[in-house]
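User: I have a model open and would like to go through it with you, step by step. Can we begin with how the chains meet?
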Amino acid sequence: MVPQYKAERLRLQQFPWMKGDSPVNSTMSVGQARKLVEQLKIEASFCRIKVSKAAADLMAYCDAHACEDPLITPVPTSENPFREKKLFCALL
Amino acid sequence: MGEVEKMKKEAEGLKTEIEAARKAVHDTDMAAAAAGLAPAPRVQLKTRRTLKGHLAKIYAMHWCTDNKLMVSASQDGKLIIWDSHSGNKINAIPLKSSWVMTSAYAPSGNLVASGGLDNMCTVYNLKTPVVKIIKELDAHTGYLSCARFLNDADILTASGDTTCALWDIETGKQKTVFLNHIGDCMCLALSTDMNTFVSGACDSLAKLWDIRDGQCKQTFQGHTSDINAISFFPTGNAFITGSDDCTCKMYDIRSDQEVIGYQDAQLNSGVTSLALSMSGRLIFAGYDDFNCNIWDSLKGEKIGVLSGHDNRVSCTGVPSDGMCVCTGSWDSFLKIWN
């Protein structure tokens with residue numbers, strides 16, 4: 001039988017972050033609870049920038065590099081290493 | 001109130017704080033910001049090469065930094081090193097375990113790695129007269145889903161045991177274990193400065209880690225199923241994820257949230273793999289429905305399809321010079337498009 005890489009695994013059906021529950025069940029140990037709080041403190045302390053600024057930077061980068069992106073601005077066929085190879089046979 | 005109860009309450013409070021902080025900076029989203037932008041050109045890419053040689057499903061591929069060689073891994077129990085320009089096979093490396101899930105090329109071009117249901121990451125030296133195993137990295141207690149070299153001495157792995165790890169290849173030991181996911185880790189992507197990496201897991205979360213101190217610094221929510229693929233935007237300030245929930249998402253690291261989603265009501269197959277074009281404008285996402293869809297990363301619109309595979313597209317990759325995109329499939333072929 002070919003093992004399915006993921007199919008036999010029990011999937012998490014509930015998404016704790018959506019329901020606001022903690023990701024560990026109610027029989028959490030003191031150690032686990034402390035780790036959870038410490039992790040959340042690290043994440044809460046992060047300084048966030050405005051999405052408008054983030055978006056502007058992403059757009060600026062794409063704009064500045066569009067010309068060099070061979071999949072947006074195709075290179076001439078002669079410079080494309082994947083161009084169809086034309087084979088020339090010389091009859092001697 | 002018991003100590004655990006008090007801490008649970010504190011945790012709830014912190015979560016509310018994080019959500020409020022994210023909302024506070026959410027003055028727009030990517031699609032709205034890009035509304036005035038000219039659409040990306042309609043992309044029509046042709047198959048330039050079909051690489052035939054594997055005898056079973058291809059699970060992974062990775063470009064060498066020379067933009068010419070690439071490694072692919074298949075359930076036929078082989079790693080093949082290809083010269084993508086000529087289409088020739090340079091090496092066919094037999095694997096001890098054919099249940100391979102990942103392959104990686106070291107930036108130097110000297111080493112490749114593979115791993116899968118054997119729970120190990122095997123590192124090979126390509127430069128000896130015959131390709132030799134130099135190390136078997138054996139400590140994960142679950143399958144190896146992804147591996148990426150930092151250099152010839154260090155490699156990062158993601159595992160079904162829910163951890164990621166940084167290994168010293170010479171000693172074969174884990175230098176750092178990254179613990180925080182609560183589901184199988186399925187993918188990872190390394191930042192260009194190699195100080196951080198992002199991981200995606202079956203807990204539907206993406207996490208950003210500091211390689212030096214082993215800490216999870218940020219957690220990104222939004223997906224509703226396993227995250228199978230992850231890739232940094234070229235600036236390193238954002239990353240894209242692909243999931244079994246049939247969507248891709250872009251998360252911005254500095255605003256700590258999702259900024260745009262890539263989805264279509266007609267798409268009901270999971271995303272298996274993704275790669276970005278050199279400018280970051282195009283996303284090539286491989287799906288279970290045999291196609292690779294091309295998305296405009298800024299406007300969130302689907303702008304093209306790469307059709308040609310006869311089975312699931314399992315892996316995609318764009319070389320560092322951006323010259324093409326490679327797709328690998330369960331149909332046993334790799335295709336190069338530009």
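User: How many residues of chain A are in contact with chain B, and how many of chain B with chain A?
Analyst: In this predicted model, 57 residues of chain A are in contact with 90 residues of chain B.

User: And what area is buried between chain A and chain B?
Analyst: About 6,000 Å² is buried between the two chains, and carbon and sulfur atoms give 66% of that area.

User: How many salt bridges are there across the interface?
Analyst: The rule finds four salt bridges between chain A and chain B; one of them joins Glu3(B) to Arg34(A), where the closest N and O atoms are 2.9 Å apart. The count of residue pairs in polar contact between the chains is 15, with both residues at pLDDT 80 or more.

User: Which element of chain A gives the most to that side?
Analyst: That is H2(A), which gives eleven residues to the side of chain A that touches chain B. By class, that side has 33 nonpolar, eight polar and 16 charged residues.

User: Switching topic, what is the strand order in the sheet of chain B?
Analyst: The order is S2-S3-S4-S5 in an open sheet of four strands, with antiparallel pairing. The edge strands are S2 (58-63) and S5 (89-94) of chain B, each of which pairs on one side only, and the twist from one strand to the next averages 15 degrees.

User: Over how many bridges do S2(B) and S3(B) pair?
Analyst: S2(B) and S3(B), the latter covering residues 69-74, pair in the antiparallel sense over five bridges, and Met61(B) has Ser72(B) in S3(B) as its bridge partner.

Definitions and conventions
Residues are numbered from 1 along each chain as its sequence is written. Chains are lettered from A and ligands numbered from 1 in the order in which they are written. This is a predicted model: local features need pLDDT of at least 70, side-chain atom pairs count only at pLDDT 80 or more; totals for chains, interfaces and linings use all residues. Side-chain values use heavy atoms; hydrogens and water are left out. Two strands pair if DSSP finds at least two bridges between them. Helices (H or I, at least four residues) and strands (E, at least two) are DSSP runs, numbered from the N terminus. Axes are lines fitted to C-alpha atoms, for helices over the stretch in contact, and angles run from 0 to 180 degrees between N-to-C directions. Contact means heavy atoms within 4.5 Å. Buried area is the accessible area (1.4 Å probe) that two parts lose on being put together, summed over both. A salt bridge is a side-chain nitrogen of Lys or Arg within 4 Å of a carboxyl oxygen of Asp or Glu. A polar contact is a pair of N or O atoms within 3.5 Å; within protein, one must be able to donate a hydrogen and the other to accept it, and residues adjacent in sequence count only if both atoms are side-chain atoms. Ala, Val, Leu, Ile, Met, Phe, Trp, Tyr, Cys and Pro count as nonpolar, Asp, Glu, Lys and Arg as charged, and the others, Gly among them, as polar.
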